[in-house]
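Here are my notes on this one, as promised. Have a look at the model first, then read on.

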Amino acid sequence: MPFKVQVGPPQIVIHQGQTVLVTENDGRIDWPSDKGLYFRDTRLISAWAIYANGESWELLNGGAPTHDTARIHLTNRALLTEDGAIPPHSLGLVLSRIIDQGMHEDIDLANYGMKPVRFNLELAIRADFADIFEVRTNRIVRRGRITTDWSEGSQRLIYTYRNGDFVRSVTIGPRRDDPSAVYANGRLSFEVRLDPGQTWHCCLLYDLEDGITTFHAPRPCPQDADAPPPVNHVWLRQAMQLSTPNEEFYRFYRQALEDMEALRLPMQVGGHTVLLPSAGLPWFAAPFGRDSLIVSLQTMSVDPDFARGALDVLGVLQSKERDDRRDAEPGKILHEIRYGELAHFKLIPHTPYYGTADATPLYLVVLHAAWRATGDRALLERHLATAEACLTWIDTCGDRDGDGFQEYQTRSPDGYENMGWKDSADSVLYPDGSLVKGPKALCELQGYVYDAWRRMAEIFDALDKPDRASALRAKAADLYRRFNEAFWDEEFGFLAYALDGDKRKVLTVASNAGHCLFSGIVAPQYAERVVRRLLAPDMNTGWGIRTLSTLHPAYNPYSYQNGSVWPHDNSLIALGFKRYGFDREAAEVARGISDAASHFLSNQLPELYAGIQRNGGSFPVQYLGANVPQAWAAGSAFALLQALLGLQPDAPNGMLYVDPHLPDWLAELTLTGFRLGAGVLDIRFFRTDEETLFEVLRGDAASVARAPFGSRPA
């Protein structure tokens with residue numbers, strides 16, 4: 001069993017949708033801290049503690065059995081009461097919590113002593129209604145007014161925050177027929193009397209309100225035998241399953257499924273609910289552009305409905321106007337939208353904010369991939385207007401100087417310096433470590449546009465628009481030629497990271513070049529050198545490929561994007577290797593990420609980890625502040641599987657093309673429930689000597705055929 005690495009501080013995080021609870025391991029919410037009950041980017045509960053006659057409880061164990069439930073076992077310290085002393089560890093206290101819109105909290109007490117006990121059980125609860133952006137920066141400004149109302153008759157404690165038309169509230173109280181409470185000195189208090197062996201139970205319901213809609217707590221107790229199974233967990237049984245004798249890879253895949261189930265974000269579009277992947281916990285339970293689109297690509301074989309949801313939500317929020325403060329331009333796909341007080345009053349630009357250069361072409365890539373996975377022509381027709389606006393943006397605003405390449409530079413005083421996936425301010429550097437002068441033309445942006453044009457050409461063919469298809473193929477071919485002329489440097493032996501504002505090559509070795517392989521824009525004569533350079537020791541940790549070479553003066557294995565390892569980055573690189581026929585090299589990347597996952601608790605990959613070199617006795621080292629679970633880290637499991645098997649769905653023509661090359665460490669696996677259009681397939685892949693074979697166990701065997709990966713856009 002590998003040594004297990006914990007990511008982040010010891011805490012419990014549970015959530016569903018846009019409701020997130022972050023507590024200490026004993027269930028407390030200490031103030032000041034960043035813990036709390038968050039709802040639509042506002043912290044409702046900022047302090048929570050439970051006492052017996054004013055004494056705190058002692059933690060035994062606490063954790064989150066599922067993404068939306070927590071269970072915490074506590075016992076008493078020595079208590080002095082008017083009936084006498086209660087010996088330590090003679091009382092058991094179990095806190096059980098479940099989130100489904102609101103929160104249901106169970107409090108269960110048991111007297112394991114030999115004498116009756118009587119004491120006051122007290123809950124100290126406070127609400128600060130701080131905006132999530134201010135909590136993260138520890139610069140909280142109170143702008144509105146908080147009121148507290150307690151109703152003895154209805155047994156309801158209501159905290160309400162109002163600032164003009166911005167309203168948030170939380171209503172807390174026992175379920176009907178549960179023990180009654182009194183409220184005084186900021187505490188809910190219950191009188192508890194327990195004979196030896198007797199138990200006491202109380203439910204507290206937390207209903208949340210955003211000023212328009214009330215999000216009710218689930219009424220059944222989590223442990224009720226007759227409680228219906230949470231609907232949140234139905235998806236996990238419906239998603240594509242994997243079985244393999246390789247236990248570590250199976251656990252990696254299974255945990256990725258559980259993470260993706262946890263990160264499903266329900267959104268209302270046109271009167272119906274769709275699901276798209278939120279970015280990660282605890283800070284990014286919100287719609288994102290780039291993140292949701294990349295995750296949609298990664299999970300296409302597992303569940304194409306993520307892509308449907310992302311296309312719907314992002315299409316509705318596509319910018320219709322220019323707004324420099326939000327870096328918005330007509331046709332542009334958003335970067336991030338928020339719902340807290342700062343966004344409501346436009347004190348931050350996330351209303352939504354459009355500071356991303358890659359989400360717009362990626363929208364087109366996902367539209368094509370979703371069509372190929374589902375065969376749904378109506379999907380194309382529904383999103384055609386959005387796609388046309390994306391194409392116009394690429395030609396106009398995306399190409400800021402009209403030279404045929406994509407560049408970015410913020411116009412907003414609050415905007416992002418960098419607008420690719422490496423969006424930290426210090427992530428795009430010259431070889432000497434200085435910051436690159438903009439506008440910046442990142443190498444992978446050109447690849448995404450090339451891929452988007454080729455895919456849209458195929459879509460226009462399907463929509464009987466041959467002239468549009470022909471024009472886009474010609475543009476893609478021209479971009480391909482000019483990209484390889486402008487970005488390849490023969491002496492450097494690698495692709496330029498970017499072109500700077502003066503159109504000079506930025507000859508920094510970074511992982512971004514692997515995304516160019518993923519998109520297919522790299523000329524075949526250069527591909528092998530790109531692959532070998534990315535696998536060289538200064539880039540390849542053995543746990544995955546670094547974001548930046550160790551030979552660069554700015555390299556720091558503990559940095560956010562200048563030497564760390566990002567699983568999603570590696571998954572796209574592996575797909576790029578596979579596209580150019582480097583099967584063993586793709587498997588090497590997959591092995592590194594899978595091995596890293598085996599060292600993290602529950603085989604759960606974090607957003608990123610340190611770029612420390614692997615050796616015989618090492619293990620991956622956490623990056624402080626990494627989100628976990630995080631959507632595109634979880635999605636890397638599925639993308640790496642696609643790289644190993646060469647899965648290319650062509651549902652419009654009723655075909656699935658495969659190009660499997662299993663390594664010796666993963667010699668057999670079976671996919672169950674692969675959705676191809678309206679059909680379902682079960683397929684077993686197995687290695688014999690140096691060849692990987694497959695057999696269709698369920699579904700139409702004639703619908704599965706071999707084809708080189710990348711021979712068809714997918």
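1. A word on the ground rules. This is a predicted model, so local features need pLDDT of at least 70 and side-chain atom pairs count only at pLDDT 80 or more, while totals for chains, interfaces and linings use all residues. Residues are numbered from 1 along each chain as its sequence is written, and side-chain values use heavy atoms, with hydrogens and water left out.

2. Overall make-up. The chain holds 15 helices and 35 strands (DSSP runs numbered from the N terminus: H or I of at least four residues for helices, E of at least two for strands). Its radius of gyration is 27 Å, close to the 27 Å from the globule rule for 714 residues, so the chain is as compact as a globular protein of that length. The radius is taken over C-alpha atoms, and the rule is 2.2 Å times the number of residues to the power 0.38. Along the principal axes, the C-alpha atoms fill a box of roughly 85 × 60 × 50 Å.

3. Of the 714 residues, 61% count as buried (under 20% relative accessible area; exposed is over 50%, partly exposed in between, with a 1.4 Å probe and protein chains only). Take contacts (heavy atoms within 4.5 Å) between residues at least 6 apart in sequence: 64% of them join residues at least 24 apart.

4. Helix H13, residues 567-579. H13 is mostly covered, with 13 of its 13 residues buried. Gly581 follows H13 and has a positive phi, near 85°.

5. Helix H7, residues 359-374. Here 16 residues should span 22 Å at 1.5 Å a residue, which agrees with the 22 Å between the end C-alpha atoms. H7 is mostly covered too: 16 of its 16 residues are buried. Gly375 comes after H7, and its phi is positive, near 70°.

6. Asp195. Where does Asp195 lie? Asp195 is in the loop between strand E19 (187-194) and strand E20 (199-209). It counts as partly exposed because its relative accessibility is 43%. Leaving aside neighbours within four places in sequence, Asp195 is in contact with Asn111 and Pro116. Gln642 is 447 residues from Asp195 along the chain, and their C-alpha atoms are separated by 60 Å.

Methods: The expected span of a helix is 1.5 Å times one less than its number of residues.
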